[in-house]
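User: Please take a close look at one strand here and at how it pairs with its neighbours. Then set it in the rest of the structure, in short steps I can follow.

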Amino acid sequence: MDERELEQRLRTAVEHAAPDPLDRILASCGPQTGTVLPFEAPKKKRRWAPLAVAAALALVICGGAFGITSWRGANAVDSVVMLDVNPSLSMEVSAQERVLSVTPFNQDAEIILGDMDLTDTDLDVAVNALIGSMLQNGYLSDLQNAILVSVENQDAARSAQLQQHLTDTINSVFQGGSLEGAVLSQTVTESADLNALAQQYGISVGKAALIQEIIAQDSTLSFASLAPLSVNEIALITESRHLTSQTVTQTGTASTKAYITAEAAKSAALTHAGISESDVAQLEIEFDSEDGLMVYEVEFYAGGSEYDYDIDARTGEVVKSSREGGGSAGTSGGTASGSSGSYIGEAAATAAALQHAGVRQADTTYLRCWVEHDDGRAECYEVEFLAGSTEYQYEIDLYTGAVLKSERETYGTSGGGTASGSSGSYIGEAAARSAALSHAGVSESDASRIQVELDRDDGRTLYEVEFHVGRTEYSYEIDAASGAILKAEQEIDD
Amino acid sequence: MIFCMSVAEPDPGADAALEDCIVRIAGGDQNALADLYGRTRPAVYGFALSIVKNAHDAEDILHDAYLQVWNAAGGYRAQGKPMAWLLTITRNLAISRLREHGRTEPLVQEDWQDRLADSPAVTHEDRLMLQALLSALGDEERQIVTLHALTGLRHREIAALLGLPLPTVLSKYSRALKKLQLAWKEAD
């Protein structure tokens with residue numbers, strides 16, 4: 001059974017084994033909660049007239065007179081409301097929506113609070129004052145416009161209601177301050193784990209929960225790298241990576257005004273690499289944070305190499321660049337347009353591969369050629385064929401017919417006529433095999449299931465040689481050019 | 001009946017159809033969800049199974065993944081990568097599941113066999129193949145080979161999805177197929 005058949009069989013087995021819970025799924029589909037970062041349109045609904053920021057501040061600074069009401073006796077904590085911008089703080093709130101206490105988690109929050117005493121004020125008034133102060137102190141602006149509101153209350157319905165109410169209130173303040181802000185809101189449940197993280201990083205439990213949800217979805221992000229970032233920066237990173245959230249609702253859009261455009265970051269990377277955009281494939285641009293610095297991470301493939309750049313998102317400066325693999329003789333010519341008008345055609349691609357391999361089409365037992373797509377773009381022809389017990393895989397340039405990559409693999413046991421490496425600069429499969437066998441002190445007739453494969457690994461070209469003697473499996477990596485033994489392993493089969 | 005699909009080859013048209021489904025799902029169309037499900041169920045289930053190695057959990061993930069698609073479709077941005085998006089959701093759910101367990105649940109063969117026996121569509125050959133897949137391969141090998149066989153993703157896309165370097169994916173893929181072939185032959 002060849003590899004195609006094997007894959008087909010696997011496909012069939014999974015198709016047969018897969019259960020069919022469609023009815024259950026559809027029955028579970030409630031109203032769509034739209035649980036994705038980011039949401040585009042800000043909510044229109046406004047329950048309160050916008051309060052002037054200055055008025056709110058004055059109200060609070062004037063003291064508790066406004067706050068003293070008949071509810072004063074109700075000192076039980078009903079909800080905890082957390083605000084994170086970069087200032088991070090939490091408020092304990094009574095069932096009557098009066099603030100019982102305020103806790104700043106970082107120095108920025110202390111600056112925001114200044115000499116305001118929010119104890120016993122109405123929650124709306126307190127939120128107005130806090131947002132006003134953040135605007136005044138420049139923590140919220142056109143450049144950093146996102147705030148995270150987290151609500152904790154044992155009653156889920158009450159949490160949801162408060163979450164919505166606060167979102168509306170904050171949007172009103174934003175509107176009053178002529179700011180197009182973004183409000184992320186969520187309901188959180190405290191846990192020992194979250195508390196510990198929040199304490200460690202000087203952030204609210206709400207921000208800790210948000211970060212934990214994000215890193216669970218993207219293993220390249222870490223808690224430590226996200227914790228110092230502003231909510232605006234975190235929102236941009238999650239947005240650029242299309243991460244979804246089950247719990248966070250967002251109104252408005254996080255600001256990118258502090259940063260160069262993704263397009264400019266791309267140009268910076270391509271210019272540095274000396275490659276034109278038409279020659280690259282699978283280009284991806286995402287926001288990332290490097291030691292607290294916002295960068296665009298730009299990745300692409302060109303000429304068989306993988307390029308990876310970090311571009312300072314504010315200045316466009318190249319912070320980091322790396323290139324892996326490739327450097328092969330083939331150059332990908334032409335433009336990667338979707339049209340196949342100027343492609344050489346499958347017949348010509350097949351002929352190029354066969355010629356390179358020195359194999360006649362009549363001698364193949366399996367032959368297949370197709371256009372390989374990546375990211376919707378045609379990238380190269382892939383040609384696969386089997387001749388005798390050797391399988392060949394080629395990548396052929398769409399326009400020039402140049403061999404971009406070739407691999408061959410010989411199956412079978414001892415004595416099988418392995419074609420010697422056709423790549424002039426390599427020692428050939430037979431020599432690689434001999435080198436491995438002689439290192440192992442094993443004669444060819446004693447070894448079974450000998451496999452030799454030309455492979456590229458981290459830019460090195462090497463032969464991977466595997467064989468069995470009894471229950472022992474030997475694996476070797478042999479430098480394809482020098483014949484040096486790079487790795488030798490033996491393992492007893494169970 | 002069992003829905004069969006051939007996704008071994010890249011097909012931009014198929015991606016467009018999936019994207020169309022997602023757009024319609026975002027508009028609250030349950031038929032579109034059923035359509036997407038019909039086109040992708042084996043891929044999602046197979047990938048989930050290849051991570052959690054447990055038929056029961058894989059079924060839960062299959063259920064939860066489409067539910068999450070239902071809720072998250074509004075935020076999907078058309079980029080020509082609907083399958084990668086769906087599989088990222090699947091992978092996240094599967095990894096969360098593993099974390100809940102605190103470790104990879106060992107595969108209890110009887111459970112697995114019982115579960116398969118429930119499905120009349122599963123043949124003796126299917127059983128051998130799944131057994132080989134689950135017992136003979138390393139975690140990454142199993143995921144890579146499953147993705148390649150079932151999802152139509154290219155090696156590069158698989159590398160991006162799993163966060164592995166492309167050369168690693170290529171070499172693991174080829175090794176995995178060899179191991180699978182060997183295990184299949186031995187079982188046969």
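Analyst: Start with one term. Two strands pair if DSSP finds at least two bridges between them. Keep in mind that this is a predicted model.

Now take strand S1 of chain A, residues 79–84. S1(A) pairs with S4(A) in the antiparallel sense, over five bridges. That passes the cut-off of at least two bridges. S1(A) is also joined to strand S2 (residues 88–93) of chain A, by six bridges. Those two strands run antiparallel as well. S1(A) and S2(A) form a hairpin, with three residues between them.

Which residue of S2(A) is the bridge partner of A:Asp84? It is A:Ser88. In S4(A), the bridge partner of A:Asp84 is A:Leu148.

Is S1(A) buried or exposed? Six of its six residues are buried, so the strand is largely enclosed by the rest of the structure. Look at its faces in turn. On one side sit A:Ser79, A:Val81 and A:Leu83. On the other sit A:Val80, A:Met82 and A:Asp84. Both faces are covered. For scale, 41% of the 494 residues of chain A count as buried.

How far can you trust the model here? The mean pLDDT of chain A is 78, and 83% of its residues reach 70 or more. S4(A), a partner of S1(A), spans residues 146–152 and has the highest mean pLDDT among the elements of chain A, 93. The lowest, 47, belongs to helix H3 (residues 53–61) of chain A. Be careful with two stretches. Over residues 34–73 of chain A, pLDDT stays under 50, and the model has 79 contacts beyond four places in sequence for them. Over residues 327–340 of chain A, pLDDT again stays under 50, with 28 such contacts.

Next, widen the view. Chain A has 13 helices and 18 strands. Of its contacts with a separation of 6 or more, 55% link residues 24 or more positions apart.

Four of them form an open, antiparallel sheet, in the order S7-S8-S9-S10. S7 and S10 of chain A stand at the edges, each with a single partner strand, so one side of each has no neighbour in the sheet. Neighbouring strands of this sheet are turned by 15° against each other on average, direction ignored. Inside the sheet, S8(A) and S9(A) run antiparallel and are joined by eight bridges. One pair to find is A:Glu297 with its bridge partner in S9(A), A:Asp310. Helix H10 (residues 231–240) of chain A packs on the sheet and touches S7 and S8 of chain A. Its direction makes about 160° with that of S7(A).

Helix H11 of chain A belongs in this picture too. Its buried residues are A:Ala265, A:Lys266, A:Ala268, A:Ala269, A:Leu270 and A:Ala273. What covers them includes S7, S8, S9 and S10 of chain A. H11(A) covers residues 262–273, 12 residues in total. At 1.5 Å a residue they should span 16 Å; the end C-alpha atoms are 17 Å apart, which agrees. After H11(A) comes A:Gly274, whose phi is positive, near 70°.

Last, step out to chain B. In chain A, 48 residues are in contact with 56 residues of chain B. Helices H1, H2 and H8 and strands S11 and S15 of chain A each supply at least two residues to this side. H1(A) gives the largest share, 12 residues. By class, this side of chain A has 17 nonpolar, 16 polar and 15 charged residues.

H7(B) is mostly covered, with 10 of its 12 residues buried. B:Ile144, B:Val145 and B:Leu147 are among them.

Terms used: Residues numbered from 1 in each chain as written. Chains lettered and ligands numbered in written order. Predicted model: local features only at pLDDT ≥ 70, side-chain atom pairs only at ≥ 80, totals over all residues. Helix = DSSP H or I, 4+ residues; strand = E, 2+ residues; numbered from the N terminus. Expected span 1.5 Å × (residues − 1). Buried ≥ 20, exposed ≤ 12 C-beta atoms within 10 Å, placed from the backbone. Contact = placed C-beta atoms within 7 Å. Axes fitted to C-alpha atoms, helices over the stretch in contact; angles between N-to-C directions. Nonpolar A, V, L, I, M, F, W, Y, C, P; charged D, E, K, R; others polar. pLDDT = per-residue confidence, 0-100.
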